[in-house]
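The sequence and structure come first.

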Amino acid sequence: FSSRDFDAMSIALPFAVLTIFWLAFGGLGSFIVFCGNKKRLFRTDPNTGVIITMLVLTSVCCWLFWFLCFMAQLNPMIGPTLTPKTAAIISCQWHSDCLQCAPSYGGQDIASNCTLT
């Protein structure tokens with residue numbers, strides 16, 4: 001697999017699994033309530049339509065909430081904004097890419113001590 005195929009698969013798998021789950025919750029739950037009331041497996045309830053509507057709306061709202069959160073994390077609109085000094089400090093601290101990266105004191109700039117190789 002190429003990296004592009006892996007990215008598409010990593011997006012499609014959770015989408016398919018969660019969509020199938022919420023379809024099953026809404027569909028099977030409604031089917032069980034409807035058939036159970038028709039065959040008198042449960043007590044006869046005049047609110048069967050309300051219960052089915054509640055199950056379907058719950059599954060639709062939960063799926064929609066999950067989908068919107070998933071899409072927001074997939075392509076964020078707001079990313080971190082770093083100044084060049086901050087990026088140099090992070091690079092020195094995380095990757096040890098600099099020759100000297102000692103914190104300075106006495107009001108001096110920390111990034112001035114960090115010289116990249």
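## Cysteines

Cys61 has a relative accessible area of 49%, so Cys61 counts as partly exposed; buried means under 20%, exposed over 50% and partly exposed in between (1.4 Å probe, protein chains only). Cys62 is partly exposed because its relative accessibility is 31%.

The whole structure was searched for disulfides, and zero were found. Cys61 takes part in none, the nearest cysteine sulfur being that of Cys62, 7.0 Å away. Seen from Cys62, the closest cysteine sulfur, in Cys61, is too far for a bond at 7.0 Å, since a disulfide is a pair of cysteine sulfur atoms within 2.5 Å.

## Model and numbering

This is a predicted model: local features need pLDDT of at least 70 and side-chain atom pairs count only at pLDDT 80 or more, while totals for chains, interfaces and linings use all residues. Residues are numbered from 1 along each chain as its sequence is written, and side-chain values use heavy atoms, with hydrogens and water left out.

## Helix 2

Helix 2 spans residues 48–74 and includes Met71; helices are DSSP runs (H or I, at least four residues), numbered from the N terminus. Thr48 also lies in helix 2. Thr48 counts as buried because its relative accessibility is 11%. Apart from neighbours within four places in sequence, Thr48 is in contact (heavy atoms within 4.5 Å) with Val33 and Asn37.

## Surface patch

Met71 has 37% relative accessibility and therefore counts as partly exposed. Together with Ile11 and Leu74, Met71 forms a nonpolar patch on the surface, with about 230 Å² of accessible area for the three together. Accessible areas come from the Shrake-Rupley method with a 1.4 Å probe, and for residues only the protein chains shown count as cover.

Conventions
Patches are made of residues with over 30% relative accessible area and no salt bridge: like charges are joined within 9 Å, nonpolar side chains (Val, Leu, Ile, Met, Phe, Trp, Tyr) within 5 Å. A salt bridge is a side-chain nitrogen of Lys or Arg within 4 Å of a carboxyl oxygen of Asp or Glu. Helices (H or I, at least four residues) and strands (E, at least two) are DSSP runs, numbered from the N terminus.
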